[in-house]
Amino acid sequence: MGRLAQVLIANRGEIAVRVIRACRELAIPSVAVYSDADAHALHVSLADRAVRIGPASPRESYLSIAAIVNAARETGTDAIHPGYGFLSENASFAAACAEAGITFIGPPAAVIERLGSKIAARAIAQKAGVPVVPGETPADQSNQAIAASARNVGFPVLLKPSAGGGGIGMKTIREERALAAGIEQARREAAAAFGDGTVYVERLIDRPRHVEFQLLADDHGHVIHLFERECSIQRRHQKVVEETPSTAVTPKLRQRMGDAAVALARAAGYRNAGTVEFLVEGTGDAASFYFLEVNTRLQVEHPVTERVTGIDLVHAQIAIARGDALPWAQASLTQRGHAIEVRVYAEDPSSHDLPQAGPLLLYQEPSMPGIRIDSGVAEGGEINVHYDPLVAKLIADGETREIARRRAVEALRNYPILGIRTNVAFLIELLEHPRFIAGDIDTCFLDVEGEKVRAASVAAAIPSEALEIAAALRRSAADLSAEARSAKAKGAKADPWDALRGFRG
């Protein structure tokens, strides 16, 4: 068994904090990297060391392979954890780490490259006998050839970029007259976002479930899955709520899907943690499922898996990276209870979910049974304009789905955040929606119910005037506390009435 002397986290926010804390539990020193915008961020203060890597622009900091590898060299770091987002699925970054003699805590560069192309990943799945959505991948990438493939598959179809993710460049085409413009737009968006305008065509599956399987694979030939996560509640192809077990997956279906995920991982030569995503059509044991893609990194929603399996996925990633064999056999793994995760964002539901930025004048995380908060912020910090506006992930677990759901709602109701607007009220309304309570969800849930949920959340939200008054009172209390500390330091007796100069009778 090898040992990692020090781990650099090539990320920021809650995932950087999550990995730093895991390193601390394993007695491994950690190194944070930060941009100018994050100089006072929580992950910087928690790490054993911190290195500036550039200005606020992600391209000049968190997306700079050279800056991050240089930071690792300067600090004598022998391993890098990429987190998620940024460079986490960048094969060139994994290759640069290997070239520098640094352990990349993730799959090998060749595996990331192989599975980073949805077309190549689809071919691997087919070879492994894993069902794929009916579709065509024209070698001729002309608009005419793609249009011909769409007609062959039959409307409605989904145009999908080969590279990237997050729904960027995906276009739903329901009729012939929208085809030409859709192809041009899909190609243009994919090329701009990923530098690759290659697209392919799939049959559109209306209102499927989005179900993914967590994988772990070591260097000793062991591949296991840690069961499924339901990720059907999405907005613009971005997940909003995740849970496990899925209300749609029966034991027999779980066995079939888990076996397929493991088979695909073996066929791809997978290593470390990853996720195989599927679309599920139909219900019960006979439901159909189709391969969607492989995420070659730790997922945002990994905590729900940890809550029901008892396995720390970051610990497992580090153990695999240092050459350890997986200590679990598939037959020994079980799911215990139910877990639900919601993503708390700095955004304004009353303004079409416009991202927010500003100081966290008040930020108090709920502390109650069955609740875990993964955050990268603290009171007095701020949400800045340069990065994703994720504030925190709230994870609730319990013996049953209903207990977990109620705990999540109660925790959200006791999660005061002032200084910015958030989607907390939206999440409460969503979790209280009759269809969600019944488990009647699919990828179109927010397309159908979203406006009603949003309107209810806006009505329930605290008025902006009240937020401003509360924030002013918070600042006044802080000023009073500061004056009291100053007086105490000078040996004088503080008079609280002296701090009320702004009030008149």
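In the predicted model, Tyr62, Phe86 and Tyr387 come together as one aromatic cluster. Seven aromatic pairs are present in the structure. Phe86 and Tyr387 make up one of the pairs, with an edge-to-face arrangement in which the ring centres are 6.5 Å apart and the planes stand at 85°. Phe86 belongs to the loop between strand E4 (79–81) and helix H4 (91–99), and Tyr387 to the loop between strand E21 (382–383) and E22, so this pair ties together parts that are 301 residues apart in sequence. Tyr387 is classed as buried, because its relative accessibility is 8% and the limit for burial is under 20%.

A further edge-to-face pair is formed by Phe93 and Phe104, whose ring centres are separated by 5.8 Å and whose planes are at 90°. Phe93 is located in helix H4 and Phe104 in strand E5 (residues 103–104); the two residues are eleven residues apart, and the pair links distant parts of the chain. Both Phe93 and Phe104 are buried. An aromatic ring also takes part in a contact with a charged group: the charged end of Arg401 sits over the ring of Phe436, at 4.5 Å from the ring centre.

Eight strands form an open sheet in the order E14-E13-E10-E11-E12-E15-E22-E20, and their pairing is antiparallel. The edges of this sheet are strand E14 (288–295) and strand E20 (371–375), each of which pairs on one side only. On average, neighbouring strands are turned by 25° against each other, direction ignored. In general, the strands of a sheet pair through backbone hydrogen bonds, in either a parallel or an antiparallel sense. Within the sheet described here, strand E15 (residues 338–345) and strand E22 (residues 390–398) are joined in the antiparallel sense over eight bridges. Tyr345 has Leu390 of E22 as its bridge partner.

Two helices that pack on the sheet were examined in turn. Helix H1 (residues 13–25) packs on the sheet with contacts to E20 and E22, and its direction makes about 110° with that of E20. Helix H12 (residues 401–413) likewise packs on the sheet, where it touches strand E12 (238–244), E15, E20 and E22. The direction of helix H12 makes about 145° with that of E22.

How values were computed
Residues are numbered from 1 along each chain as its sequence is written. This is a predicted model: local features need pLDDT of at least 70, side-chain atom pairs count only at pLDDT 80 or more; totals for chains, interfaces and linings use all residues. Side-chain values use heavy atoms; hydrogens and water are left out. Two strands pair if DSSP finds at least two bridges between them. Helices (H or I, at least four residues) and strands (E, at least two) are DSSP runs, numbered from the N terminus. Axes are lines fitted to C-alpha atoms, for helices over the stretch in contact, and angles run from 0 to 180 degrees between N-to-C directions. Contact means heavy atoms within 4.5 Å. Rings of Phe, Tyr and Trp (its six-membered ring) pair if their centres lie within 6.5 Å; planes under 30 degrees apart count as stacked, over 60 as edge-to-face and the rest as tilted. Buried means under 20% relative accessible area, exposed over 50%, partly exposed in between (1.4 Å probe, protein chains only). A charge sits over a ring if NZ of Lys or CZ of Arg is within 6 Å of the ring centre and within 35 degrees of the ring normal.
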